[in-house]
Each structure stands twice: as structure tokens, then as C-alpha cells.
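Hi everyone, thanks for making time. Have a look at it first, and then we'll go through it piece by piece.

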Amino acid sequence: MKGLLLRLSSLDADAAAAVRVIAHFQALLAAGRLDPAALARSAAGLAECPVGVELAGGRMFRAGPDGAGLAGPPGRASGQTALRPAGRVWLERPGEAGPFDDLLLEWLAIAAHTLEHPLRVADPALVEVALSARESLADRARALRLLGLAPEAPLRVLAFAAADGGDAEVAALALLGRGAVPGTLRVARLGGLGVALLQDRASGAGSPAAELRAAVRGGVRVGIGGGVEAPRARHSLEQASVALRFAAAGPPAEAVVDHDELGPATVLAEVPAARLGALPDVRRLGELAARDGGELNLAALAAFCRTGSLRQAAAELHLHHSSVAARLGHVQAATGWRLRDPAHRFRAQLALYARRLALAPAEG
């Protein structure tokens, strides 16, 4: 991160400032044992204005840019972000908001969320040992304990990728901080992926798909592995990596893919990408995508195959249902499919999966 800051400083002062905000909060998350008063002081120093943090129980913490605590009622909020299920964070900047206040508030909210929902940047070396198939069972268990996870409790692994070469670890932290995922989370960067280990002793290893789909935005893609015994975390990582290949930046149901929900479709991931790309149905979809509006037609097809309803597909894509119907008409004319027929819709869904796998980048 320091090297990135140096490079960005010589190229783009605004980009360097944005990265500096993210790096500041990543360092706080990595340190662990964060308390709300210290968070308010740290953020106020970074923002160079008073900052407030109000948690779900009504506890309020305010600090000035000099690090001193502030008493009394909060001043005028120049910007604020709500916390879930309750609470908020805000800036009390005199005058207009600063150019990076939205980014600062987003990361302040993420850090505040972790005060009651553990989310921490983890040592990637420990995560690598915990996920290794080569290390002994004893070494994997020790790595899990050092990460603050219980070797005897189930967990699952999540894999994250960011669009356009973005930082996958940053994308993972931002999404998990917004997503109110219950349980203990440890996040690290492994290769080009962001990886999270999730353990919830209260409810077992339930899937966080619903929480992540409610919070996902931008070009983030997520693959969710199945729940496994903690020392077998490697198996969940492999499943998360497969699920990530099925994920596509776009609507939440496409961006967040749960391996358990894919069912037998996961077998497609075992077929070489070149063979999938050579299938006639996949080639037809490629030709359709290359036309004007083709990608939007495929997005309509994917939404309709998933929901089976014109109106639900339209709501997901924020289009009128007649627009979705027109786009599906172009698809049917190009492929010969009758999409009201369940068998044809199933064929179309398989072709969409196969095309996505054929085009999926080499990740991991």
C-alpha cells in the first residue's frame, strides 16, 4: 500500500488521497481491538474536522481533529452514513463537504460496524496455512487459533474479485462492512483474490448470500463455498473459487453466487473453457452479444431464466417489462429458443453458464 501511494502521488494527487483514506482504515482493521472512542479520534484526525460515532445502543462518541473528545450535543452534520441495524457515523465539517467525505464516511461506517461484528484484516500467511492441503492438521488448527477462529467449529470460505483490476481485498472489506454478515470474519489477500473465513458459532456455518446480495454494488463478484469442518477449509475455498467463476458483475443474484445453490451445474466447471466456448449455443450467445445492445439482451435473458417472470426480470434490471420482452424477442429470433418453454429456458441457462465459464478470467 505504501508503494502504491508513492506511485499514485507522482501521477494523481486525488487518487493518492483516496488510497490514503482506504489505507488508514485498513490499518485500523488490521490492528484489531478497536474501540469507538479511538475510532472517532483517528477518523477526526484524518478528516481534519469533528467526527461522531453513534452505536446501536445509543452510545455516542465525538472527537475533534486534535484528538480530544467532544462533549455535548453533536453539531451540524455535513455528511452522515447510517449503520445497520441502528446507529450512524457523521462528519461535522464547517462549510461544504470535502471531496473525499463520502469515501471517508463509507470506511468509517465499515470500521464502526466491526465494533460489534468482528471483521479483521488477517495475516495472509496464517490464512494460507489454514487453507493449505499440504500442511498438517495440527498446523492448520494452530493457524486457525491464531486467527481467532475455533478449529472445532464449522466455517465457510468466501472468495472476492474486483472488476477492472481493482484491489480484491479492499472490495471484500467494503462489501463485508456494509453487509452485516453475522459471525467472525477474517479477510486477507491471496494471489489476485480477496478471501474471507467466516465462522458463526451461534448458527453454525450458514450462508451469507442474502446479506451480501443486499449490500453488493459496483463491480464486485463473490463466490461462497460450502460449510465445512474448520480444518477442511481448503475444500470450501475450492467451492468458493468455482462459484466465483459463475459470478458476473451486475444484479446481486448474478454478482454473489453460492456454490450450494448451483447444484449439479458445478459439473460444468470441470469442462475445459475452450470446449465450452466451442459449443454451438455458446457461440450463438457470443454472436448475439457482439451486436448493438447485445449485452443488454443477454442480461435480460439471464434475469428471465433466473426468475421465470417478465415483471421480476424487469424489476431486477430497472426496465419496463415491455422492454425486457422486446430484448427476449431478439434472443429468441437469434437462437430459435421458445423461452416460455421450461426445457428451452433450461437450455438457455446452461448456455449462459457455459459462456460465463468460458470467458471467466484465470483467478486464484
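Okay, let's start with charges: the count of salt bridges here comes to 14. Keep in mind throughout that we're looking at a predicted model. As a bit of background, side chains with opposite charges can pair when their charged atoms come close.

Take Arg-88 to begin with. Its side chain meets that of Glu-54 in a salt bridge, with 3.4 Å from N to O. Now, where do these two sit? Arg-88 is in strand β4, residues 88-91, and Glu-54 is in strand β1, residues 51-54, so this pair ties together parts that are 34 residues apart in sequence. Arg-88 has a relative accessible area of 23%, so we call it partly exposed.

Next, please find Arg-356 and Glu-254. Their side chains form a salt bridge too, at 2.5 Å from N to O. Arg-356 belongs to helix α17, residues 342-359, while Glu-254 belongs to helix α10, residues 252-255, so here the parts being tied together are 102 residues apart in sequence.

Is Glu-254 buried or exposed? It's buried, because its relative accessible area is 10% and the cut-off for buried is under 20%. As for its surroundings, if we skip residues up to four places away in sequence, Glu-254 touches Phe-246, Ala-247, Ala-248, Ala-302, Arg-306 and Arg-356.

The side chains of Arg-306 and Glu-316 meet in a salt bridge of 2.0 Å, N to O. Arg-306 lies in helix α14, residues 294-307, and Glu-316 in helix α15, residues 310-317, so this pair ties together parts that are 10 residues apart in sequence. In terms of accessibility, Arg-306 comes out at 29%, which makes it partly exposed. Glu-316 is partly exposed as well, at 23%.

So which residues are linked in a network of salt bridges? They are Glu-254, Arg-306, Glu-316 and Arg-356.

While we're at α14, let's look at how it packs. In general, two packed helices are described by the angle between their axes and the distance between the axes. For α14 and helix α16, which covers residues 321-335, the angle is about 105 degrees and the axes are 9 Å apart. The two helices are therefore roughly perpendicular to each other, because angles of 65 to 115 degrees count that way. On the α14 side the contact is made by Leu-296, Asn-297, Ala-300, Leu-301 and Phe-304, and on the α16 side by Val-324, Arg-327, Leu-328, His-330 and Val-331.

Now for the nonpolar cores. The largest one has 50 residues, and those touching the most other members are Phe-25, Trp-107, Phe-160, Leu-176 and Leu-212. Helix α4, residues 101-113, gives this core its largest share, 8 residues.

What does Trp-107 touch? Leaving out residues up to four places away in sequence, Trp-107 touches Ile-22, Phe-25, Leu-29, Val-170, Leu-173 and Ala-174. Apart from this core lies another one, of 24 residues, including Ala-122, Ala-143, Ala-240 and Leu-244.

A quick word on cysteines. How many disulfides does the structure hold? The number is 0. Cys-49 is at 1% relative accessibility, so it counts as buried. Cys-305 counts as buried too, with 12%.

Two more residues and then I'm done. Glu-169 is in helix α7, residues 168-179. With a relative accessible area of 7%, Glu-169 is buried. Setting aside neighbours within four places in sequence, Glu-169 is in contact with Gln-26, Val-121, Val-187, Ala-188, Arg-189 and Gly-194.

The other one is Leu-146, in helix α6, residues 137-146. Leu-146 has 47% relative accessibility, so it counts as partly exposed. Not counting residues up to four places away in sequence, Leu-146 touches Arg-120 and Leu-126. Along the chain, Leu-146 and Val-127 are 19 residues apart, and their C-alpha atoms are separated by 9.7 Å.

Key. Residues are numbered from 1 along each chain as its sequence is written. This is a predicted model: local features need pLDDT of at least 70, side-chain atom pairs count only at pLDDT 80 or more; totals for chains, interfaces and linings use all residues. Side-chain values use heavy atoms; hydrogens and water are left out. A disulfide is a pair of cysteine sulfur atoms within 2.5 Å. Buried means under 20% relative accessible area, exposed over 50%, partly exposed in between (1.4 Å probe, protein chains only). A nonpolar core is a set of buried Ala, Val, Leu, Ile, Met, Phe, Trp, Tyr and Cys residues joined through side-chain atoms within 4.5 Å. Helices (H or I, at least four residues) and strands (E, at least two) are DSSP runs, numbered from the N terminus. Contact means heavy atoms within 4.5 Å. A salt bridge is a side-chain nitrogen of Lys or Arg within 4 Å of a carboxyl oxygen of Asp or Glu. Axes are lines fitted to C-alpha atoms, for helices over the stretch in contact, and angles run from 0 to 180 degrees between N-to-C directions. Angles under 35 degrees count as roughly parallel, over 145 as roughly antiparallel, 65 to 115 as roughly perpendicular and the rest as oblique.
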